[in-house]
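Keep the picture open while you read.

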Amino acid sequence: MKWSPRPRVGVLAAAMAQQRAATRLRIVLGHLGCPSAGAVVASPTSGPIASASFHPQQFQYTLDNDVLSLEQRKFYEENGFLVIKNLVSDADIQRFRVEFEKICREESKPVGLMVMRDVSIAKSEYSPSEKTISKIQDFQEDKELFRFCTLPEVLKYVECFTGPNIMAMHTMLINKPPDTGKKTSRHPLHQDLHYFPFRPSNRIVCAWTAMEHIDRNNGCLVVLPGTHKGCLKPHDYPQWEGGVNAMFHGIQDYDKDHARVHLVMEKGDTVFFHPLLIHGSGRNQTQGFRKAISCHFASADWHYIHVKGTSQENIKEEIIEEI
């Protein structure tokens with residue numbers, strides 16, 4: 001699930017969101033001038049990937065700078081995602097892991113944090129442990145976790161998609177639990193823009209970093225390349241027998257024959273993807289908890305839209321009921 005700058009703002013009225021957003025930290029150009037890590041390279045991916053010839057005037061989703069190679073720009077333009085290997089250090093990831101564990105033990109209680117639990121866990125089983133928390137959102141008031149959103153090595157790539165005036169709009173740390181057999185640990189195919197009441201979509205990007213080895217066994221991301229070039233599709237809860245987690249909306253109508261790519265990632269690898277890219281994740285078939293940390297960034301020139309009468313109205317109403 002993806003929200004805007006403040007906890008559960010989502011698709012609430014612009015006035016409320018703007019008031020809350022006034023306290024959000026702006027990530028500015030000063031973060032962007034650091035040199036890149038020598039080990040950072042673009043990642044090859046498995047599965048059918050489109051390629052195309054581009055003239056610079058045809059670029060819609062990336063901006064001119066000296067960070068992305070021409071091949072990387074062409075890849076993102078055509079496919080809607082780009083994996084950068086070994087981007088975030090082991091030391092930073094360990095610090096994020098330690099802070100998350102403190103939150104799970106209730107030793108740290110950041111203001112505005114949204115804590116989520118898998119639907120398969122009975123309320124009677126709730127305890128202050130990472131085994132009962134599947135995700136935290138809106139950690140912008142946690143200085144340690146919010147460091148992820150200010151890492152120069154991440155921001156230099158973000159600028160390629162948003163431009164130099166950047167805002168961190170939504171933060172999340174996913175702790176995908178071992179599946180209980182009901183398949184509730186999977187996430188239906190969706191587009192992140194469904195949760196965002198702001199535009200333009202082409203100046204929004206997600207930075208999603210693996211905190212450990214991630215593959216199909218523990219529920220890696222799966223993407224449908226090229227779907228970012230389409231429109232925002234209607235979303236709702238899928239009709240799954242084992243249950244669906246709160247606000248895990250999925251696309252109701254998509255091409256089931258469309259090529260899919262499963263993103264196998266190592267700790268520190270980071271995928272940048274467009275908010276219209278159709279993606280999801282499978283169930284975690286291991287006994288461990290699969291962790292990733294992410295932030296959605298947008299150009300500071302974004303603007304709110306009214307969602308009444310649109311396909312996003314259903315998620316707006318659900319958020320309002322929650323608060």
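Start at Pro200, which sits in the loop between strand S8 (198-199) and strand S9 (204-210). The peptide bond leading from Arg199 to Pro200 is cis, with omega near 5°. Most peptide bonds are trans, and most residues other than glycine have a negative phi.

A word on the ground rules: this is a predicted model, where local features need pLDDT of at least 70, side-chain atom pairs count only at pLDDT 80 or more, and totals for chains, interfaces and linings use all residues. Residues are numbered from 1 along each chain as its sequence is written, and side-chain values use heavy atoms, with hydrogens and water left out. Helices (H or I, at least four residues) and strands (E, at least two) are DSSP runs, numbered from the N terminus.

Asn86 is not a glycine, yet has a positive phi of about 55°; look for Asn86 in the loop between S3 and helix H3 (90-104). Glu106, also not a glycine, has a positive phi near 65° and is found in the loop between H3 and strand S4 (114-116). Asn86 is partly exposed, with a relative accessible area of 38%, and Glu106 is partly exposed at 46%. Here buried means under 20% relative accessible area, exposed means over 50%, and partly exposed is in between (1.4 Å probe, protein chains only).

Now for the strands. Four of the five residues of strand S3 (residues 81-85) are buried, so S3 is largely enclosed by the rest of the structure. S3 runs antiparallel to strand S14 (residues 270-273), and four bridges join them. Across that pairing, Phe81 stands opposite Phe273 in S14. Two strands count as paired if DSSP finds at least two bridges between them.

There is also an open sheet of four strands in the order S7-S15-S10-S13, paired antiparallel. Strands S7 (187-190) and S13 (261-262) stand at the edges with a single partner strand each, so one side of each has no neighbour in the sheet. S10 (residues 221-223) pairs with S13 over two bridges, and Val223 stands opposite Val261 in S13.

Which residues of helix H6 (residues 313-322) are buried? They are Ile315, Glu318 and Ile319. These three cover an arc of only 100° around the axis, which puts them on the same side of H6. That arc is taken from the directions from the helix axis to the C-beta atoms.

On a 1 Å grid over the protein atoms alone, a cavity is a set of points where a 1.4 Å probe fits but cannot get out; a pocket is an open set with protein on both sides within 12 Å along at least five of seven lines, and lining residues have an atom within 4 Å of a point. Grid points are joined across faces, edges and corners, and a volume is the space filled by probe spheres set on the points.

| Space | Volume |
|---|---|
| Largest pocket | about 470 Å³ |
| Largest cavity | about 230 Å³ |

The largest pocket is lined by 22 residues, and Arg186, His187, Leu189, Arg260 and Ser281 lie nearest its centre. S7 gives the most to this lining, with three residues. The largest cavity has 21 lining residues, with Lys135, Ile174, His187, Phe248 and Ser281 closest to its centre.
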